[in-house]
Amino acid sequence: MSSTPSALRRRQFVLAAGAAAWPGGNALAQASDYPNKPVRILVAFTAGGTTDLLARAVGQKLTEKYKQPFLVDNKPGGGGNIGTEMAAKAAPDGYTLLVGSVGPIAVNPTLFRKLNIDPLTDLVPVVQIAEVPNVLVVHPDVPAKTLEEFVAYARSQPGRLNYSSTGIGTSSHLSGFMLGQRISADMQHVPYKGAEALKDLLAGRVQFMFATIPSVIQHIHAGKLRALAVTSANRSRSMPEVPTVAERGFPGFEAGSWFGFFAPRGTPESVIAELNKAVNEALPGLEQQMVKEGADPVGGSPHQFGLFVRREYEKWKGVVRESRATAE
């Protein structure tokens, strides 16, 4: 498979990140004995999901590098808020980390009426692990083989098409809302709790869904679902034959999931730099497997990740407010 410009950019991003991540020689000396005991990686979702799988894959590489256990600790609940809050309130010594994602970090501050923390200030970015685009998938009974055909079909069936999501305010919900707004079609949102959304789509009880690629790629290959478009700015390296929503007539349409390491505010810069360098070094060894499963590795410096997170927060703040979605 040939490399796209975005793929080359990502690889260059990872390779160049090492130098950008290091704040100076004194910081290196301070981090020289880190880690000297086990490190806990909090995941705010259940085992087996994309966040969990990425955390375990990178954690294993860090364990091998440092000869200290990097242990994943799943703390699901509250739309990701429980585990995220635990990470923000942990001792800022580098021995409790969080693999965070778009929902708890960039969406929930607007979606929830009240949070006990501010993820954007109580956590500091370490490094982005991966981008995971959403893919628009339809049940085979839907008479549309392209996005253009789907748009025409949706417009001809006002109020009759149902789309599932993994919950109110999730990326899958907001992606569906965004598409409905852009194509001026009345489509009904049916929220579920997690994997039940995909089960009902496979059963034909709903007609379509925006799902993360890792969760549906096997069903697409098996012909149980039909992929029409991905929501990333560029085509996914996992499914390069599937066009983007943007290139099919909706410029600027970009939505999906992303994942990265965060640490409690106050964690020494030297530790942040050490972790950043280690994860950047680990990503090339995970690239083939990650792409096969639907994730595009990213990498980069803490500063670059921080700017990205802030942009994501501003984008999703507008979408959440427009959708009028709320959660307690």
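This is a predicted model: local features need pLDDT of at least 70, side-chain atom pairs count only at pLDDT 80 or more; totals for chains, interfaces and linings use all residues.
## The largest pocket

Several elements of secondary structure take part in the lining: α3 (50-66), α5 (102-111), α8, β7 (208-212) and β9 (256-264) each supply at least two residues. Of the contributions to the lining of the largest pocket, that of α5 is the greatest, at six residues.

## Packing of α8 against α12

Helix α8 (residues 171-183), which also contributes to the pocket lining, has an axis that comes within 10 Å of the axis of helix α12 (residues 302-323), the two crossing at roughly 75°. Because angles of 65 to 115 degrees count as roughly perpendicular, α8 and α12 are described as roughly perpendicular to each other.

On the α8 side the contact is formed by Leu174, Phe177, Met178 and Gln181, which meet Trp316, Val319, Val320, Glu322 and Ser323 of α12. By class, the residues in this contact of α8 with α12 are six nonpolar, two polar and one charged.

## Aromatic pairs

The structure holds eight aromatic pairs. In one of them, the ring centres of tryptophan 258 and phenylalanine 305 are 5.9 Å apart and the ring planes stand at 90°, so the pair is edge-to-face. Since tryptophan 258 belongs to strand β9 and phenylalanine 305 to helix α12, the pair ties together parts that are 47 residues apart in sequence.

Technical notes
Residues are numbered from 1 along each chain as its sequence is written. Side-chain values use heavy atoms; hydrogens and water are left out. Axes are lines fitted to C-alpha atoms, for helices over the stretch in contact, and angles run from 0 to 180 degrees between N-to-C directions. Helices (H or I, at least four residues) and strands (E, at least two) are DSSP runs, numbered from the N terminus. Angles under 35 degrees count as roughly parallel, over 145 as roughly antiparallel, 65 to 115 as roughly perpendicular and the rest as oblique. Contact means heavy atoms within 4.5 Å. Ala, Val, Leu, Ile, Met, Phe, Trp, Tyr, Cys and Pro count as nonpolar, Asp, Glu, Lys and Arg as charged, and the others, Gly among them, as polar. Rings of Phe, Tyr and Trp (its six-membered ring) pair if their centres lie within 6.5 Å; planes under 30 degrees apart count as stacked, over 60 as edge-to-face and the rest as tilted.
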